Structure formats: structure tokens, C-alpha cells
Amino acid sequence: MALSHEGPALDDAIGRTVNLLGGPEMIGVEVRTALDAHDLISKGLQVGALNHLVMQVRLLRGGGDLLEAAVGMSLRTLQRRRDELQKPLNIEQSGRTWKFAEVLGRAEELLGSRESAEEWMKKPQMGLDRRRPIDLLSTPAGVEALDDHLTRLEYGAYA
């Protein structure tokens, strides 16, 4: 079942997220709206999309707990699944992978570079009670706090 359709123009945030996940070629469908993203996440992002993200984002390849904090999967588990790139992640891992890519893309847009965005993700932030943004991706409440923080950054509430 194809998720692409004629309709509204691709949202910039969705476009950034899709590109971080390897584009329509990697994820297997064209995602133009939040509902398209919902459908994709519900059926499960392919392991290949997460693998592509990890290969593009130095922060996630660095070892330690960062990949697990971001998407709920260890680097070792991902390495074991590399021969199953077409298989879907579970819905939780798919949602967290999508959200990590969305937040990283938004931070990159706000901070001006991927390197700055990756540094921001792993450093404690005053506006988040000295918590690392990457650690807030594990719960809906943390994601909401992170989205609020990014909006405040966007409007200059934090220097």
C-alpha cells in the first residue's frame, strides 16, 4: 500500500526527517504529511532507514549509550540486524527513530550545522534542567519538553 498521494507540498520538517532516514528510496514510500509519517511508523520503518541514519550521524556511531538513548536499540543489536535491512523495526523503535531524525533536523536548521546539532543533542542544556536532549527522546513527556525547548530556541528565548 503506497502512502504517497497528490496533495499538499512536502513540509520542510518532514523533508529533513525523510532525508536523514535515506529518502523515499530507503524508506520505500514518499512521506509528504504527518499522517503519511504516522502510517509509515505504524507499519514499522525498515532497519535500513535506521542503519542509514546511524551512518550519517557521527553521534550515533560513537558507541556508548547514545544510540540506545535515541532509539531504544544498542549498536550491537543494529549490527546483528544489518543482514535484515528490509525488515521493519517495532513501532516504538520506529517512532523513536523518526523523532530523533526530526529533532536532529530541526536542531541542525536552528544551529546552522549537523556538527552543532549533534553536539547540542549530547550536552546538558540549561533550558532542560541540565538534561541532555538525546535522553528526553525515551518518553512522550520528554519529547514534549524537547519540542518546547526547540521552539523557545527558535524564537530566541535562550541565548
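Here is a tour that starts with confidence, goes on to a helix, and ends with salt bridges.

This is a predicted model, in which local features need pLDDT of at least 70, side-chain atom pairs count only at pLDDT 80 or more, and totals for chains, interfaces and linings use all residues. Residues are numbered from 1 along each chain as its sequence is written, and side-chain values use heavy atoms, with hydrogens and water left out. As for pLDDT, that's the predictor's confidence in each residue, from 0 to 100. Its mean for the protein is 89, and 91% of the residues reach 70 or more. Residues 1–9 stay under 50.

Now look at helix H1, residues 12–20. Helices here are DSSP runs (H or I, at least four residues; strands are E, at least two), numbered from the N terminus. Just past the helix, glycine 22 has a positive phi of about 105°. The buried residues of H1 are Ile14, Gly15, Thr17, Val18 and Leu20, where buried means under 20% relative accessible area, exposed over 50%, and partly exposed in between (1.4 Å probe, protein chains only). Among the elements covering them are helix H2 (23–27), helix H8 (91–111) and helix H9 (114–122). Glycine 15 counts as buried because its relative accessibility is 11%.

Next, find arginine 81, in the loop between helix H7 (75–80) and H8. Why does arginine 81 count as buried? Because its relative accessibility is 18%. Its side chain reaches the backbone oxygen of proline 88 at 3.2 Å.

On to salt bridges, each a side-chain nitrogen of Lys or Arg within 4 Å of a carboxyl oxygen of Asp or Glu. The structure holds 14 of them. One joins glutamate 84 and lysine 87 (3.9 Å, N to O); lysine 87 counts as partly exposed, at 46% relative accessibility. Another pairs glutamate 92 with arginine 96, the closest N and O atoms being 3.4 Å apart. Both lie in helix H8, 4 residues apart, about one turn of the helix. In general, an α-helix has 3.6 residues a turn, so residues three or four places apart point the same way.

Lysine 99 and aspartate 147 also form a salt bridge, with their closest N and O atoms 3.0 Å apart. Lysine 99 is in helix H8 and aspartate 147 in helix H10 (residues 140–154), so this pair ties together parts that are 48 residues apart in sequence. Finally, Asp65, Arg132 and Asp135 are linked in a salt-bridge network.

How values were computed: Contact means heavy atoms within 4.5 Å. A polar contact is a pair of N or O atoms within 3.5 Å; within protein, one must be able to donate a hydrogen and the other to accept it, and residues adjacent in sequence count only if both atoms are side-chain atoms.
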